[in-house]
Amino acid sequence: MQELIVRAKELLASGQVARVLGWKKGEHSYDPEVAFFNDAESLQDFVYDGFCGANLSKYMIEASKLEGKTLVFLKPCDSYSFVQLMKEHRVDREKAYIIGVGCWGKLDVRKLGAEGILDVEIAGDVLKVSSLYGDSEVAYKDAMLERCHVCKGKEHKVFDETLLESADTVDLDRFAEVERIEAMSPEEKFAYFQSELSKCIRCNACRNVCPACSCRKCVFDSTAFNSEQKANTTSFEEKMFHIIRAFHVAGRCTDCGECSRVCPQGIPLHLFNRKFIKDINRLYGEYQAGADLEEKAPLTSFQTDDAEPGADRR
Amino acid sequence: MRRIGVFVCHCGSNIAATVDVKKVVEMALLEQGVVHAEDYPYMCSEAGQSRIAEAIREKQLEGIVVCSCSPRMHEATFRKCAERNGLNPYLVEIANIREHCSWIHKDMQEATEKAVILMRAAVAKVHLNAPLLAGESAVTKRALVIGGGIAGIQTALDIADAGYHVDIVEKEPSIGGRMSQLDKTFPTLDCSACILTPKMVEAASHENITIHTWSEVEKVSGFVGNFTVDIRKKARYVNMDKCTGCGICQEKCPSKKPLNEFNRGLNNRSAIYTPFAQAIPNVPVIDASACIKLNTGKCGICEKFCQAGAIDYKQQDEIITEQYGAIVVATGFDTIKLDKYGEYAYNESKDVITSLELERIMNAAGPTKGHLERLSDGKAPKEIVFIQCVGSRCSDDRGKPYCSKICCMYTAKHAMLIRDKYPDTNVTVFYIDVRTPGKNFDEFYRRAVEDYGVNYVKGQVGKVAPQPDGSLLVHGVDLLENKQILKKADMVVLATAIEPNPDVRKIATMLTASIDTNNFLTEAHPKLRPVESPTAGVFLSGVCQGPKDIPETVAQAGAAAVKVIGLLAKDKLKTNPCTAKADELRCNGCSQCANVCPYGAISYETKQVNDHGIREERRIAVVNSALCQGCGACTVTCPSGAMDLQGFSNRQIIAEVDAICR
């Protein structure tokens, strides 16, 4: 972590960057927050550890409008989001100085197995948790976010320089959970989604954190479609929000997993997106959004030999 | 709230027999804003239109819903009627209660219920319709014909004769198409080449025709009157300006392995070749996959012998870009593959051939120099069996559901020619039906039976079994005699179904022209607009639209030409105002709409915007309304809903859905 701060100070001092976009100590050791640092002094609060799951790419949309360059730290998976935003002309590469930071898996507070957590000490492979109800230990690996178990890889897709080494964290099949749901009967599927999505409190955290949900004006906030002020006729209707959102980010979602990380209700929202990714891979060949700036996206390009999944049913 | 008038058409009994039109009127009057509703036997008639006119005047209507047939039939009629009476034509909505309702339902109560729902949706939409103004665009006075067979040649000649320039793009090294492969033509038995080659020569020498052979359409953009087309001129490796067509290169070429496509693969050709003697242009091409020089760097014999110095191994594909006002598709057909018809032993025996292969065998320039002989042993066949409908009129997925239309006649022709030239050869034809509708067609068929003694058997063949002695045992059935037939034959000829040239899918996609389940291009109307594609400015000529023989093809080619001439004769075209438009404050500038736009109509500008007090420069989508065809692909792709289609806005569509679900 210190080397990141040292390098950030150097870049600020040399005038190469006007500010630093990173993570700042939170109220507790396990809740750092995203922050801009405008000078060397403020960097004393900078932090980079297992709890810095937040993907900083989306913040670069606003940072691209500011004077001068912004130093941004991107983990390998965050760099996919940044490339995707470049593809969509939402971030300005020229306004970013990208340090690709290594990653060894990020943590999910919910997996610490404790309530009323006061402090978490990361001691190598072990997490020492002290809570209102006593102390406990959890293996680092067991507390990792789901997305890290199916990590896309250690390579940064865009960077100016890299710091720190990444570690291998993959030990699960990315599509296993999707396959499990695919195998359900329609009734089981409905029941599953009903039970998951009815937890939703429409806090919009998933939308607000999502790098693909970067519309200037979200359709759900818009008065243009006569849909924003409608009363729901069933308890499930409101949850169509998530299905519509999945459609809106289909083909653009890099599977960064931020939606599920920030959901206060613990809904596995990433599964919707991953189902789309799985289907895209099957129908149009392997595709990873944000992997390549030039590659055409399967859902917004047309080849004469494209699969026609609707037409197959004839 | 707009003042809406609803007009319900009986369409004689077409609608009124199934839909209670009075009920629709009654229900319409209950809709918000509807101040007038009436029914009439024929709304499209003069009298019907004058009722609309009267209602517009007397009730000060601000929007009209006509419940009638498909908008493709009479939307223009009612729009013009509105315009004549001072109402913007785009304030007219059609509720299709005929094709979408009365024609597909039997139960009056259900049909009426649906008609009411369709009416409601149209009323909900028309409340949100914006008055639109049509623009104008210029017409490029030049036509493109894709395909240089008889259809394409005839279309090009007719357009060129009217004084407009035409380009023919042909993917083979020569124009001529399938007709050039035929030996004789029914029902007059004149030599195919003798009647085709004068047309080929005429096309080649016509001052208004440019022929691009060995070329393919690569990309099409634009719209009616203003198409921009990229044509790939494939490397010929022979300089067209220098070549004299002497043919010595073909003679000397040591690579003689490639199958001769023109002779349907029945013999071989050289790597440098012209497909046939009368080829136009008479300039060979080098088949890069077979050329020794191009593959190994050694050889160069053709270059050595070419007196004109025309060989150029370094030639590259070239892309040329041209502008056209109209495009005619004349991509023709091929015979289907027979892999799924194992019972006919086509892949097992050389003596089981397709009719098109027989054409080449009968032709003096063919693989046997016109002698009728078995390809297995060169012996003259004494017993020939023809099998009709191989892959045509097929109810399973091995073949095609349609009748290929030409097979009955060419089989009669083959049978007659063989009996005439080789009287000691017996000819048997197995048929399902003999279909001979056409001038002098039935007489022709009867001549084959009555004068030439061709043995027609009504029934199908279940199996052709190659025998150890080289003969073929045909297991058939005679349905009239109700008995099984076992017939020994020396040769079996399969009247193989025809299908549109497989390339047509690619071309149709580029042109956004629709295609049916059999890959035939769809007409704008099967009866009334048979040579126009539903895509404006795209016309259809020949078998790409449906099976047809030469006289029909030539007639359709002429008809397509007339439509093209009618278009090119205009100086300006009215453009469709139902185009997409971006909401500047909502647009993310993400380019997704531009990626999906099939017309290249969307570009981006950096604009200064004032978004509720936030002033900033933004990248914003701009639609070129001349290029936009109103397909709506951008509107559904746009994640923020910034793209909207005028006349079919998101709000309008949601209002329709809401009305339907009410």
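## Helix packing, domains and the chain contact

B:Ser355, B:Leu358 and B:Met362 of helix H11(B) meet a group from helix H12(B), made up of B:Cys407, B:Tyr410, B:Thr411, B:His414 and B:Leu417. Sorted by class, this contact of H11(B) with H12(B) holds five nonpolar and three polar residues, with no charged ones. H11(B) covers residues 355-362 and H12(B) covers residues 407-421; the two pack at an angle of about 35°, and their axes are 11 Å apart. The crossing of H11(B) past H12(B) is left-handed.

Before going further, a friendly reminder that you are looking at a predicted model. The model has an ipTM of 0.87 and a pTM of 0.71. For chain B, the mean pLDDT is 95, with 100% of its residues at 70 or more.

### Two further helix pairs

Two packed helices are described by the angle between their axes and the distance between the axes. Here are the values for the helix pairs in this report.

| Helix pair | Crossing angle | Axis distance |
|---|---|---|
| H11(B) and H12(B) | about 35° | 11 Å |
| H5(B) and H18(B) | roughly 150° | within 8 Å |
| H8(A) and H10(A) | roughly 40° | within 9 Å |

Let us take H5(B), residues 108-126, and its partner H18(B): their axes cross at roughly 150°. An angle over 145° counts as roughly antiparallel, so H5(B) is roughly antiparallel to H18(B). H5(B) passes H18(B) in a right-handed crossing. On the H5(B) side, the residues that meet H18(B) are B:Ile117, B:Arg120, B:Ala121, B:Ala124 and B:Lys125. Their counterparts in H18(B) are B:Gln652, B:Ala655, B:Glu656, B:Asp658, B:Ala659 and B:Ile660. This contact of H5(B) with H18(B) divides into six nonpolar residues, one polar residue and four charged residues.

In chain A, helix H8(A) spans residues 240-249 and helix H10(A) spans residues 270-284, with axes that cross at roughly 40°. Because of that angle, H8(A) is oblique to H10(A). The crossing of H8(A) past H10(A) is right-handed. A:His242, A:Ile243, A:Ala246 and A:Val249 of H8(A) meet A:Phe272, A:Asn273 and A:Phe276 of H10(A). What classes of residue make up the contact of H8(A) with H10(A)? There are five nonpolar and two polar residues in this contact, and no charged ones.

### Where the chains meet

How many residues of chain B are in contact with chain A? The contact takes 20 residues of chain B and 17 residues of chain A. On the chain B side, the elements that give two or more residues are helix H14 (504-511), helix H16 (592-596), strand S31 (614-623) and helix H18 (650-661). By class, that side of chain B has four nonpolar, 10 polar and six charged residues. H18(B) therefore has a place in two parts of this account: H18(B) gives residues to the side that touches chain A, and its axis comes within 8 Å of that of H5(B).

### Domains

Chain A is assigned domain 1 (1-108 + 149-171), domain 2 (109-143) and domain 3 (173-303). Taken over C-alpha atoms, the centres of domain 1 and domain 2 of chain A are 25 Å apart. Seven residues from domain 1 of chain A and nine residues from domain 2 of chain A take part in their contact. The domain 1 side of this contact in chain A divides into two nonpolar, three polar and two charged residues.

Chain B is assigned domain 1 (4-126), domain 2 (142-230 + 321-332 + 503-568), domain 3 (235-316), domain 4 (335-499) and domain 5 (580-646). The centres of domain 1 and domain 3 of chain B, again over C-alpha atoms, are separated by 65 Å.

### Backbone details in chain B

Some backbone features deserve a look in your viewer. B:Phe186 and B:Pro187 are joined by a cis peptide bond with omega of about -5°. B:Pro187 sits in the loop between strand S8 (184-185) and strand S9 (190-191) of chain B. A cis peptide bond also joins B:Ile280 and B:Pro281, with omega of about 0°. Where is B:Pro281 found? B:Pro281 lies in the loop between strand S13 (272-273) and strand S14 (285-286) of chain B. B:Gln60, a residue other than glycine, has a positive phi near 50°. The loop that holds B:Gln60 runs between helix H2 (46-59) and strand S3 (63-68) of chain B.

Methods: Residues are numbered from 1 along each chain as its sequence is written. Chains are lettered from A and ligands numbered from 1 in the order in which they are written. This is a predicted model: local features need pLDDT of at least 70, side-chain atom pairs count only at pLDDT 80 or more; totals for chains, interfaces and linings use all residues. Two residues are in contact if their C-beta atoms, placed from the backbone, lie within 7 Å. Helices (H or I, at least four residues) and strands (E, at least two) are DSSP runs, numbered from the N terminus. Ala, Val, Leu, Ile, Met, Phe, Trp, Tyr, Cys and Pro count as nonpolar, Asp, Glu, Lys and Arg as charged, and the others, Gly among them, as polar. Domain bounds come from an automatic or database domain assignment. Axes are lines fitted to C-alpha atoms, for helices over the stretch in contact, and angles run from 0 to 180 degrees between N-to-C directions. A crossing is left-handed if the near helix is turned anticlockwise from the far one by less than a right angle, and right-handed if clockwise. Angles under 35 degrees count as roughly parallel, over 145 as roughly antiparallel, 65 to 115 as roughly perpendicular and the rest as oblique. pLDDT is the predictor's confidence in each residue, from 0 to 100.
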